[in-house]
Structures are given as C-alpha cells and as structure tokens.
Amino acid sequence: MRKTYILGVLCTYLFASCAGHSEHAHEHEHEHEHEHEEHAEAGHDAHEHDHAAAGEVVFHDERAEAIGLQTIKMTPAAFTEVIKTGGQIVAAQGDESVVVATVPGVVTLGQLPFVDGQAVRRGQAILSIASKSLSQGDVVARTRAAYETAKREYERMAQLVDDKIVSAKDFEQARLTYENAKAAYDALADKQTERGVSVVSPLEGYLKNLLVKEGDYVAVGQPLVTVSRDRRLMMRADVPEKHYGALGTIRTAHFKTPYDTTVYKLSDMHGRLLTYGRASGGNGVYIPVTFELDNKGGLIPGSFVEVYLLTSPMADVLSVPVSALIEEQGIYSVYVRVHGEHYRKQEVTLGADNGSEVQILTGLKAGDEVVTRGAYQIKLASASNAIPAHTHHH
C-alpha cells in the first residue's frame with residue numbers, strides 16, 4: 001500500500017514538471033518570434049534608406065507643400081553680361097520746382113506740416129512771409145500805395161496829353177510806371193492773409209529740401225523749398241573707367257534700393273537709356289550712365305542704389321534665381337531634387353549676376369531640377385535627417 005502511494009506522488013510530480021517545461025518553452029518560442037519580427041521590420045527600414053546615396057536629404061512632400069517649395073528644370077537660355085556698380089535716383093528735369101520768396105520778410109508756418117514728403121496740391125499755401133514788423137513797413141501796403149499813386153498820375157496825364165499840356169514822353173513814362181505798379185500789386189493782392197503773403201506750390205507733388213524754418217528772415221528770390229512731382233525719375237549709374245569699352249553695349253538695367261528687397265527692372269518701368277558720358281566725371285574715376293524711368297515703386301529721389309547694367313547677350317546659359325542660392329562662408333550651393341522626396345546639396349560656381357538671376361558656370365547641367373523656393377528649409381532639415389552612405393551590412 002505504501003509503495004502504491006509513493007508511486008502516485010512521483011507520477012504527479014513528473015507530470016507537473018513536464019507541463020511547466022512545455023509552457024516555458026512555448027513562451028520562449030513566442031518571444032523569439034517577436035524579436036525576429038522586430039528585427040525584420042528594422043532591417044526593412046534600413047534597407048529602404050540604403051537605396052539613397054550619401055549626402056541626400058529627405059524632405060517629405062507634406063512639408064514641401066506647407067512651405068510652398070518650388071523647383072525649376074535647368075534649361076540653357078539667353079542671358080547677358082552684367083556690369084555691377086552703384087548709382088543714384090534723381091528727379092527728372094521738369095518734375096521739380098524750387099519755390100522762392102516773393103517778398104522780403106519773416107517766415108511764418110501755417111497749419112500744413114512743413115516736413116519732407118508732405119503732399120501738396122497745385123496752388124496750395126505752403127507758408128507765409130510777414131513783413132509788418134520790418135522797418136520798411138508792410139510790403140503789400142507799400143505796393144498797394146505805389147499802385148494807387150501811379151494809377152492816379154496815369155489817369156491825370158491821360159486827360160492832358162491830347163491838349164499838349166504834358167508831353168507824350170512824360171505820358172508814356174507815367175503809363176509804364178502804372179503798369180509796373182499794377183503788376184506788382186496784382187501778384188500780391190490775392191495772396192495777402194492775416195499771416196502775411198502766402199507762398200504757394202507751383203505744382204502737385206511732395207515737399208523736399210526744406211531750406212527755412214519758422215522765424216527765418218528771407219529776401220526776395222531766396223529759395224525756400226523744392227516741390228517734386230516724382231512722376232518720372234532719372235537714375236545715374238557711376239561706371240568704373242575699366243568698363244569704358246563696354247558702355248556702347250548697355251541696353252537696360254536692373255537696380256535695388258537700400259530700403260526694400262525688390263529688384264526693379266527698367267523694362268517694367270518704361271525705362272530707357274538716355275546717355276552715357278564720353279569722359280570721366282569730376283571725380284576722375286567713374287563715367288556716368290543715365291537712364292529715365294517711371295516712378296512706379298515709390299522710389300525716393302536722392303537715394304543711392306545698387307545697379308546691374310545689362311550689356312552683351314550670351315546664348316545657352318544655365319541660370320538660377322537668386323532665391324535658389326545658399327551661401328556658406330563665401331561658398332555657394334543649391335539643392336537639387338534627386339528623385340521623389342530626396343534632395344542633394346550641390347556646390348556651384350557663379351558667373352554674371354543681374355540682381356534677380358545668376359549665371360551658373362559649374363555644378364549644374366541641363367535637366368537638373370533645382371529648388372528655387374524653400375532651399376533654406378531643406379538646409380535646416382538636413383541637420384536631422386541626412387541619410388548615411390550605402391551599406392551592405394544586415
């Protein structure tokens with residue numbers, strides 16, 4: 001009986017051990033399969049990256065669409081040689097008028113703000129000149145008295161000349177004196193105000209070059225202010241003497257101002273070449289080249305500009321917009337789409353630059369797809385998702 005009991009216990013123990021070992025083996029096999037699946041997925045991802053060449057950057061289409069990424073296909077086309085220099089915007093002849101004092105006196109400013117850029121209408125009062133406090137007396141009052149005296153003398157002589165009481169010579173002198181006095185009075189009569197004689201704008205435009213201030217004394221003919229219409233402007237480019245031989249090939253120009261990033265093209269502003277100098281200017285270093293153009297962009301006369309003179313034509317040139325360039329310590333690069341979402345940074349050598357497009361001498365070939373908008377965003381992304389070189393290690 002005792003032997004039977006011991007045998008039953010041993011069988012029970014052996015059965016339990018076998019069941020535990022089987023369960024442990026099953027769990028181990030399941031874990032091994034899970035690890036194998038993860039390893040396979042990782043290998044698949046690595047295999048996808050292995051298809052990209054070294055130095056390529058992944059920039060997904062969703063991000064490209066969000067920033068408005070744009071590209072162009074490199075196609076040889078016409079371009080021009082460019083002379084890059086400096087220049088200045090000046091007012092065109094006939095579009096400016098210098099306002100001068102019509103009477104002597106003290107400047108009195110009215111309600112119109114007497115500041116540069118203030119818009120004025122033709123005939124609008126700019127300031128007044130008062131002369132009541134002067135030792136010579138009020139100019140308008142003296143002019144009116146002289147006019148009335150000359151008128152009475154002329155009318156008196158007109159009644160006596162036919163009777164030969166006064167000579168024809170004295171009568172003509174009286175008539176001349178009367179006409180001069182009348183002209184002087186008429187010029188001031190309609191401009192007399194409580195503040196003095198008004199000085200009005202001769203044309204519609206903007207105030208510039210303010211030469212006086214409140215309380216200044218001015219004499220007749222003294223310049224007070226310039227009024228500029230700003231409809232037509234002139235641009236003077238100062239060209240170094242070394243480019244004298246190319247001046248005859250200049251056709252048009254682009255330019256940039258210091259107060260915005262726009263590249264202005266004379267072809268869009270009814271611009272034309274007026275003339276270029278046949279000798280150096282007063283400084284003996286530069287030769288002036290003058291253009292005329294419409295003031296469509298709110299240009300400021302007197303401002304200095306960066307000028308790109310377009311000269312001799314060139315055929316079959318590869319060029320990219322300036323926005324495509326990435327500059328790093330004087331080295332220029334562009335981003336080229338390799339395929340799909342893969343881009344590669346390509347170093348390039350630059351040639352002629354017209355302000356908006358740049359000639360590419362080396363680094364690109366016809367058919368390359370170059371990023372023209374969004375290059376800096378790809379550059380930033382390249383710091384985090386550059387793809388390593390191809391490897392066969394698995």
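Biologist: Where do I start, and which strand does β2 pair with?

Modeller: Strand β2 covers residues 70-73. Its partner is β24, and the two run antiparallel over four bridges. T71 stands opposite V371 in β24. Remember that this is a predicted model.

Biologist: What holds paired strands together in general?

Modeller: Strands of a sheet pair through backbone hydrogen bonds, either parallel or antiparallel.

Biologist: Is strand β24 largely enclosed or open to the outside?

Modeller: Strand β24 spans residues 369-373. Four of its five residues are buried, so the rest of the structure largely encloses this strand.

Biologist: What does the whole protein contain?

Modeller: The protein has five helices and 24 strands. Of its 394 residues, 34% count as buried. Now take contacts between residues at least 6 apart in sequence: 76% of them join residues at least 24 apart.

Biologist: How many bridges link β10 and β12?

Modeller: Three bridges. Strand β10 is residues 205-208, strand β12 is residues 223-228, and they pair in the antiparallel sense. K208 stands opposite T226 in β12.

Biologist: What is the order in the sheet of five strands?

Modeller: It reads β8-β9-β7-β5-β11, again an open sheet with antiparallel pairing. β8 (192-193) and β11 (217-218) each have a single partner strand, so one side of each is left without a neighbour in the sheet.

Biologist: Which residues make up β5 and β7?

Modeller: β5 is residues 105-108 and β7 is residues 125-130. The two run antiparallel, joined by three bridges. V107 stands opposite I129 in β7.

Biologist: Where do side chains point in a strand?

Modeller: In a regular strand they alternate between the two faces of the sheet.

Biologist: Next, the nonpolar cores. Which residues have the most contacts inside the largest one?

Modeller: I126, L127, I129 and L224. That core has 22 residues. The elements giving two or more residues to it are β7, α3 (139-160), β9 (196-200) and β12. Another core lies apart from it, with 21 residues, among them F255, M269, I287 and V289.

Biologist: What does I129 touch?

Modeller: Leave out residues up to four places away in sequence. The contacts of I129 then include V103, P104, V106, V197, V199, V218 and L224.

Biologist: How do I describe two packed helices?

Modeller: Use the angle between their axes and the distance between the axes. Here, α3 and α4 (residues 168-189) pack at about 150°, with axes 8 Å apart. That angle makes α3 roughly antiparallel to α4. The crossing is left-handed.

Biologist: Which residues meet there?

Modeller: From α3, they include V140, T143, A146, Y147 and Y154. From α4, they include F171, A174, Y178, A181 and L188.

Biologist: Let's follow Y178. Is Y178 buried or exposed?

Modeller: Y178 lies in helix α4. Its relative accessibility is 15%, so Y178 counts as buried; the cut-off is under 20%.

Biologist: What does Y178 touch?

Modeller: Beyond residues up to four places away in sequence, Y178 touches Y147, A150, K151 and Y154. Y178 and A146 are 32 residues apart along the chain, and their C-alpha atoms are separated by 8.6 Å.

Notes:
Residues are numbered from 1 along each chain as its sequence is written. This is a predicted model: local features need pLDDT of at least 70, side-chain atom pairs count only at pLDDT 80 or more; totals for chains, interfaces and linings use all residues. Side-chain values use heavy atoms; hydrogens and water are left out. Two strands pair if DSSP finds at least two bridges between them. A nonpolar core is a set of buried Ala, Val, Leu, Ile, Met, Phe, Trp, Tyr and Cys residues joined through side-chain atoms within 4.5 Å. Buried means under 20% relative accessible area, exposed over 50%, partly exposed in between (1.4 Å probe, protein chains only). Contact means heavy atoms within 4.5 Å. Axes are lines fitted to C-alpha atoms, for helices over the stretch in contact, and angles run from 0 to 180 degrees between N-to-C directions. Angles under 35 degrees count as roughly parallel, over 145 as roughly antiparallel, 65 to 115 as roughly perpendicular and the rest as oblique. A crossing is left-handed if the near helix is turned anticlockwise from the far one by less than a right angle, and right-handed if clockwise.
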